[in-house]
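Hello,

Here is the model we talked about passing on. Please open it next to this message; my notes follow.

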Amino acid sequence: MSAYQTQTTLRSKLEALECHFTWALDLSKIFILRLHDKLVDIGTEGNSWLGHIYNLRGFIQCKLDSTEDALSFFLQAAEAFRQVRGADEGPWLVVNYGNLAWLHHLMGDQAESEAYLSKVDALKKKYPTPSEDELHAELYAEKAWTVTMLDIERELVSDYFQKAIRMQPDMVEWNTSHVIWLANAFIRGSTEMEADILDKMRDAEEQDPENLYLAAYYLQLRAKEGQDVADEAHELAERVSINPVSSYSAMRAILHVYRTCRLIDEAIDLAAKAVENNPEERYLKRFAALTLKWKIIYFSESGVDESMIGRAVSLYKEVISLYPDSSFVVEMDLANIYAKSTGRQNEAKCLFQELLKRKLEPAEKQLLYNQYAKYLFFDLKDYNKSVEYNMKAAVIPIKSYHRENSIKALVKTKNKGRHPKCREIEECLKNL
């Protein structure tokens, strides 16, 4: 066999693998940098998805052309799986070995790539699936978790989780992650609320009573349904506060529960105390900034406190400096805060204009257009231009809360029948 044929055969074997290099084919540099920051903030202590986290971090490092770091993370993933699963090998290593086969191929070490391909084949023979059309439960679970982090194939996430859980119903963390994803998708506005989601979350909490992240999401959904969960929120906040900190420690989720319960001052105090106790954790500063934004934009019925705006601006600027590659949403929040200050209108205008010129992902454009439309409507009273940007947000075909919000605004304007752009609005809505 010629060298060319050997390379072609190797490439075809690699492309047939189930791993990150075949799941995520078209990620932009912007998205990769933001995902990198998100993964760095995830805590590792007691995390049952640690092997999956390291696998994804290795893939991201490879995409950032840091192959040595990628190799280190892939090897850490293999070790994490051994510790979590309590065995030296198993089907959970199929994705990891596939990643290593790809990495060594990209590094030019074809012999090592072939060696990992052989390891994948050996595992698949030792741990066969019921049919050739199905993956192993471990692969479905890792694929489900990974695509939630990559924010791709949203419509398949639940299917992947359900297949994994059906095959191995004893894996509590898979069921927990599935119901959290369902709840989060509803809260973000990307799916309708399933009729039995509260029952599913209650059952999941009974199976996984120590998972505070799950408990916080369950409280948030119950609060959205109108239940009084304030006392439970306070109790859960105390438990969260004494646990090891990480971006997945449930702090952000419990802050959202406080917001839903309109306990905004308590949310501000809780976040500020977390920052005081853990000043080196950048994501806690991000959470604290968020609570100040809520107070200024949504809970200032008696008027805006300029001193609080100053406090928020200072904290937001610090957070932006801590997330240089993933601060888009934070900068947009800062622009909205400027807009609420009587003396910082020009700063709001300049920052929004800067963001509008920036290269963004479609979902980010949709979010920005929706937020800018609100700024134009409520702060500048520029109703015509607000309609234009709501239409821009609506025509981006990504299902989200922000798209639905812009569509509702357009429908409301059209139904009034007095706006000069009524015909344009009607045509826009008809073509969605």
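Glu155 sits in helix 9. Helices here are DSSP runs of H or I with at least four residues, numbered from the N terminus. Glu155 counts as exposed because its relative accessibility is 64%. The cut-offs: buried is under 20% relative accessible area, exposed is over 50%, and partly exposed is in between, with a 1.4 Å probe and protein chains only. The C-alpha atoms of Glu155 and Leu50 are 24 Å apart, and 105 residues separate the two along the chain.

Before the rest, the ground rules. This is a predicted model, in which local features need pLDDT of at least 70, side-chain atom pairs count only at pLDDT 80 or more, and totals for chains, interfaces and linings use all residues. Residues are numbered from 1 along each chain as its sequence is written, and side-chain values use heavy atoms, with hydrogens and water left out.

Salt bridges

Side chains of opposite charge can pair when their charged atoms come close. The rule used here asks for a side-chain nitrogen of Lys or Arg within 4 Å of a carboxyl oxygen of Asp or Glu. By that rule the structure holds 27 salt bridges.

Stay in helix 9 for one of them. Asp159 and Lys163 meet there in a salt bridge, at 3.4 Å from N to O. They are about one helical turn apart, because 4 residues separate them in helix 9 (residues 154-167). Asp159 is partly exposed, with a relative accessible area of 29%. Lys163 is also partly exposed, at 23% relative accessibility.

Asp37 pairs with Arg282, and their closest N and O atoms are 3.4 Å apart. Asp37 belongs to helix 3 (residues 29-41) and Arg282 to helix 16 (residues 282-298), 245 residues apart. Asp37 has 8% relative accessibility, so it counts as buried. Arg282 is buried as well, with a relative accessible area of 17%.

Next, Lys421 and Glu388. Their closest N and O atoms are 3.8 Å apart, and they form a salt bridge. This pair also links distant parts of the chain: Lys421 is in the loop between helix 22 (401-416) and helix 23 (422-430), Glu388 is in helix 21 (residues 383-394), and the two are 33 residues apart. Lys421 counts as buried, at 16% relative accessibility. Glu388 is partly exposed, with a relative accessible area of 33%. Back to Arg282: salt bridges with shared partners join Arg282, Asp37 and Asp41 into one network.

Aromatic pairs

A pair of aromatic rings is described by the distance of the centres and the angle of the planes. Rings of Phe, Tyr and Trp (its six-membered ring) pair if their centres lie within 6.5 Å; planes under 30 degrees apart are stacked, over 60 edge-to-face, and the rest tilted. The count is 16 aromatic pairs.

Trp49 and Trp145 are stacked, because their ring centres are 6.1 Å apart and their planes are at 15°. Trp49 is in the loop between helix 3 and helix 4 (50-63) and Trp145 is in helix 8 (residues 137-150), so the pair ties together parts 96 residues apart in sequence. Both Trp49 and Trp145 are buried.

Tyr372 and Tyr389 form an edge-to-face pair, at 4.8 Å centre to centre with 85° between the planes. Tyr372 is in helix 20 (residues 362-379) and Tyr389 in helix 21, 17 residues apart. Tyr372 is buried, at 4% relative accessibility. Tyr389 is buried too, with a relative accessible area of 14%. Ring pairs link both of these, along with Phe352, Tyr369 and Tyr375, into a cluster.

Surface patches

Patch residues have over 30% relative accessible area and no salt bridge; like charges are joined within 9 Å, and nonpolar side chains (Val, Leu, Ile, Met, Phe, Trp, Tyr) within 5 Å. Areas come from the Shrake-Rupley method with a 1.4 Å probe, and for residues only the protein chains shown count as cover.

Phe377, Phe378 and Tyr383 make a nonpolar patch of about 310 Å². Tyr383 is in helix 21. Tyr383 is partly exposed, with a relative accessible area of 40%.

Asp228, Asp231, Glu235 and Glu238 form a negative patch. Asp and Glu count as negative, Lys and Arg as positive; His and the chain ends are not counted. Each charge is placed at CG of Asp, CD of Glu, NZ of Lys or CZ of Arg. Glu238 lies in helix 13 (residues 230-241). Glu238 counts as exposed, at 58% relative accessibility.

Best wishes
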